[in-house]
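Let me put the model up and then walk you through it.

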Amino acid sequence: MSHCILLNADYSFMNMVDWRRALRLVVKNKVTVLRYSERWIKGAEGLVVRIPAVMKLIKLIRSVYRSRVPFSKRNILVRDGFACAYCGTRNGKMTIDHIIPRSRGGASTFENCVACCRPCNTRKGSRTPNEARMYLRGRPHQPTISEFLRLRLQRLGIHDFWEQLGLFE
Ligand SMILES: [Zn+2]
């Protein structure tokens with residue numbers, strides 16, 4: 001499966017698209033191809049087409065990518081890289097910890113929830129981090145869509161390539 005990078009008209013990152021969608025965008029004249037991949041596809045009438053690696057939209061799309069990621073357990077784990085916010089482990093099943101416990105009026109928000117391994121969650125119980133003498137490795141924040149897309153690029157292992165293009169803000 002070959003994926004192409006799709007950029008907005010201002011060169012900001014939009015998404016990864018598969019090669020079929022990429023070719024459709026080329027055919028419809030929606031994109032300029034900035035770089036081609038090494039892959040070729042044979043079309044229906046014997047036509048041979050090279051698959052793009054990086055494409056840029058011709059028309060700027062007012063981006064939804066600066067908007068907020070909706071709150072969910074899954075999205076907390078993605079933001080925290082599936083690592084415990086207290087001890088940093090990635091082992092075992094991750095739970096969600098309310099920093100200020102729910103029983104004390106702590107909200108279910110990105111600012112008050114973090115990924116937490118089971119041992120840390122059990123240890124902390126219904127105490128605040130100070131009371132439990134457990135310290136967060138970072139300050140939890142509300143992520144944006146573009147941040148999530150960036151995380152996805154890292155997981156795909158093409159983050160370096162992306163940086164080489166100098167396209168990260
Ligand atoms: Zn932990």
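I'll take the sheet and then the metal site.

Quick housekeeping: this is a predicted model, where local features need pLDDT of at least 70, side-chain atom pairs count only at pLDDT 80 or more, and totals for chains, interfaces and linings use all residues. Residues are numbered from 1 along each chain as its sequence is written, and side-chain values use heavy atoms, with hydrogens and water left out.

So, the sheet. Four strands make an open, mixed sheet in the order S2-S1-S4-S3; strands here are DSSP E runs of at least two residues, helices H or I runs of at least four, numbered from the N terminus, and two strands pair if DSSP finds at least two bridges between them. S2 (13–18) and S3 (31–42) are the edges, each with a single partner strand, so one side of each has no neighbour in the sheet.

Leu6, for one, has Met55 in S4 as its bridge partner.

Now the zinc ion. Which residues hold it? The protein donors are the SG atoms of Cys84, Cys87, Cys117 and Cys120, 2.3 to 2.4 Å away; a donor is an N, O or S atom within 2.8 Å of the metal (3.2 Å for Na, K and Ca), and water is not among the atoms, so sites may look incomplete. In sequence the spacing reads C-x2-C-x29-C-x2-C.

The four donor atoms subtend angles of 102 to 113°, so the arrangement is tetrahedral (all angles between 85 and 135 degrees for four donors).

Note on methods: Four donors count as tetrahedral if all angles lie between 85 and 135 degrees; four count as square planar and six as octahedral if opposite donors are over 155 degrees apart and all others between 65 and 115; anything else is irregular.
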